[in-house]
Amino acid sequence: MIQPRNKRPVPQSVPIEAAELTLDSVLELLESSGRPYDAEFIRSIYAFSAEKHGDQRRRSGEPYLTHPLHVAWLLAEWGFDQVCVVVGLLHDVIEDTLTTREVIADEFGEEVAELVDGVTKIGQHAYVRRDDAQAETFRKLILASVRDIRVILVKLADRLHNMMTLEHMNSDSQRRIARETLEIYAPIAHRLGMAKVQADLEDLSFFYLRPGRYRELEAKIQQKLKGARSEIQKVDKRLKKELAGAGLEARITFRVKRLYSIYQKLRRQGIEVDQLYDYLAFRIVTEDVKDCYAALGVVHQAWQPLPGRFKDYIAMPKANLYQSLHTTLLAEGGQPFEVQIRTRDMDSIAEEGIAAHWSYKQGKPDKRDENRKMAWLRQVLDWQKEIADPRAFLTALKLDLFPDEVYTFSPGGDVLAFPRGAMPLDFAYRIHTELGHRCSGARVNGKLVSLKTELQTGDRVEILTSNNRSPSRDWLGLVKTSRARSKIRHWLNTEQKKRSGEIGRRLLERAVRKHKVSPKRAFDSDRMRAYLEKEGIANLDDLFSRVGFGKLSPAQVVPRLLSEEELSTQEEKPNKLLSAVSKMLPFGSDAIAVRGDGDMLAYLAKCCKPLPGERIIGYITRGRGVSVHSAECPNVKNLLYDPEREIEVSWARTPNEVYSIQLEIETEDEPGMLARLTDTMTKAGSNIRQISASTREPGKGLIDVIVEVRDQKHFERLSHAIQDLKGVFEVTRRMGS
């Protein structure tokens, strides 16, 4: 169902009646689902939550208690048990009140306390970066969810209700929360097979991240539907007639694909809405598997199937246990439409996912169904132990959460699922780490292919190896799976640390010899041991590695190891190279006002040119100081394969300078659009350096503009002002402008 234009999408997994609910509404749902529950126990927990949250208010002005009540209602609506529901009522009391885990355990038992603690965020302190705290929170969430799947279910309900009330947050928070939802929570719902929840989270995120594009796409789909209604009715009527004529009992429903799903397809295929045909889908639900294949034969006889558009997910289920037959047919009027055919059980699993499997034995979930659904989380645990850096862990988690789209075969006939775009290296590392490290090529369906070949569903893959082969940094740009990426990074880190240790040792030995001191005596001295202990450096190898990486210079270390008499033996000459480099590069200028560790040189990376106030990351280069990148820079993911080369940097105070940035603005192609844009930019206090406009397609324009801004906040105000203009679909800052 397409929502009214310009209104926040109403989640399909949440009946509208939930807008005004009470605790009795939750109890009624538990009663109707047939789950055992203790009404007095639930009421006591509700009273406890109300007491602890007290007079707290949400951004909307509503009492805070409305949020945990909605979360509990969602969990009951999805068919989960009493414990899951009461954790929904309590999920914020540790995080947002003075209540401790011990208090909850004393009041309501260890099981409830453990689950509430599992959904509680790790506290963020002044000395902890936001993204570090976020990463550690997700690490904790995964660990807790492996122990008990209900932790992640409560988090999904919590996030869905937060997305439903996101209009009360400021625009920056809306975008941040929506992006996190799209990257992590929606994929988790997909992994659990909760299709409605996944689609709701995606559409809500799309609405806040790309409001112009959302409105445009919504209007165009509505327009296409108006012209196709008579065709839809004809197809529906004929489907019922053909199936009845074949003696098949089936339930037939019709739907329009969700907006974010359509948006993704348009981007993936590089097409526009006018070229999109299979946005319509009919669903045929039969009694058993035999009838599914019989129904497929009927529809293929009645309409012409499009070649290459048939998928059998019954014989080969998706990783989240989804099963269905998919085929695309051509209606009499030339309108393609998709047909999905499945049994009642398959339909329940496809829509509700793990909720459809939620059976109990003595009040606990059936472990067989839970284990199959949560296998991917256990795989995450396998590789996350190797990743110490929090942000590297979060990046890998996002990669691992991408839906499996490609199904391949090993030479032995095993079926392996991969994200779309996966390559032979991903396949090799899935089989064994050493097979990946020594991978030199592959045979796909018996033919030799390069490592850059994308795998397709049905491919039979055989990996070729060589003892002379080893991973290279370029491989990080090829692989699509977190397992492959983490294994390659681990190998690169080990080799890099080994080489850097050798370089660092040589540099320190040379610096010590300048003062006519034996390196062996200096390295094995009490001064060295005291220095290592004071600086928190584990051992000599760690020190050599830091010097080799460039985190420490010999000039910083040597004075701490030698006596004044030894130091005076030979006075160090001024570093002419450093002076020369300082003159050549704008280190320390107002345009590059950042603070690094010690006296290390720092400069802004040309690939992203971060603005003052923007989140930044420092990366130690070889011989050129610290390269400072925007935290959102696409190159950062590839650069930071070695966390040891990252260094803390922050903005220093700078005078009111201006910085040029390049914006790409997608708009309606209509008179006065350019004038409205330039007027908005001027009112926002931005000087326009250069502007050009072009037409991409009928009715749509593209405007490239270089404007001056003072800092990140100024850029955000400008971006939001442009985005709010009527006729603007999307505003994108181009990195490296």
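**Exercise 1.** Which residues do ring pairs link into a cluster?

*Solution.* The model is predicted: local features need pLDDT of at least 70, side-chain atom pairs count only at pLDDT 80 or more, and totals for chains, interfaces and linings use all residues. Residues are numbered from 1 along each chain as its sequence is written, and side-chain values use heavy atoms, leaving out hydrogens and water. Apply the pairing rule: rings of Phe, Tyr and Trp (its six-membered ring) pair if their centres lie within 6.5 Å; planes under 30 degrees apart are stacked, over 60 edge-to-face, the rest tilted. The cluster consists of F206, F207, Y208, Y214, Y260 and Y263.

**Exercise 2.** Count the aromatic pairs, then classify F48 and F108.

*Solution.* The count is 14 aromatic pairs. F48 and F108 pair edge-to-face, with centres 5.1 Å apart and 85 degrees between planes. F48 is in helix α2 (residues 39-53) and F108 in helix α6 (residues 101-108), 60 residues apart. Helices here are DSSP runs (H or I, at least four residues), numbered from the N terminus. Next, check burial (under 20% relative accessible area, 1.4 Å probe, protein chains only). F48 is buried at 7%; F108 is buried at 12%.

**Exercise 3.** Classify F206 and Y263.

*Solution.* The ring centres of F206 and Y263 are 4.6 Å apart and the planes at 25 degrees, so the pair is stacked. It joins helix α11 (residues 195-209) to helix α13 (residues 259-269), 57 residues apart. F206 is buried at 1%. Y263 is buried at 6%.

**Exercise 4.** Where does the charged end of R238 sit?

*Solution.* The test: CZ of Arg or NZ of Lys within 6 Å of the ring centre and within 35 degrees of the ring normal. R238 sits over the ring of W303, 4.9 Å from its centre.

Conventions
Helices (H or I, at least four residues) and strands (E, at least two) are DSSP runs, numbered from the N terminus. Buried means under 20% relative accessible area, exposed over 50%, partly exposed in between (1.4 Å probe, protein chains only).
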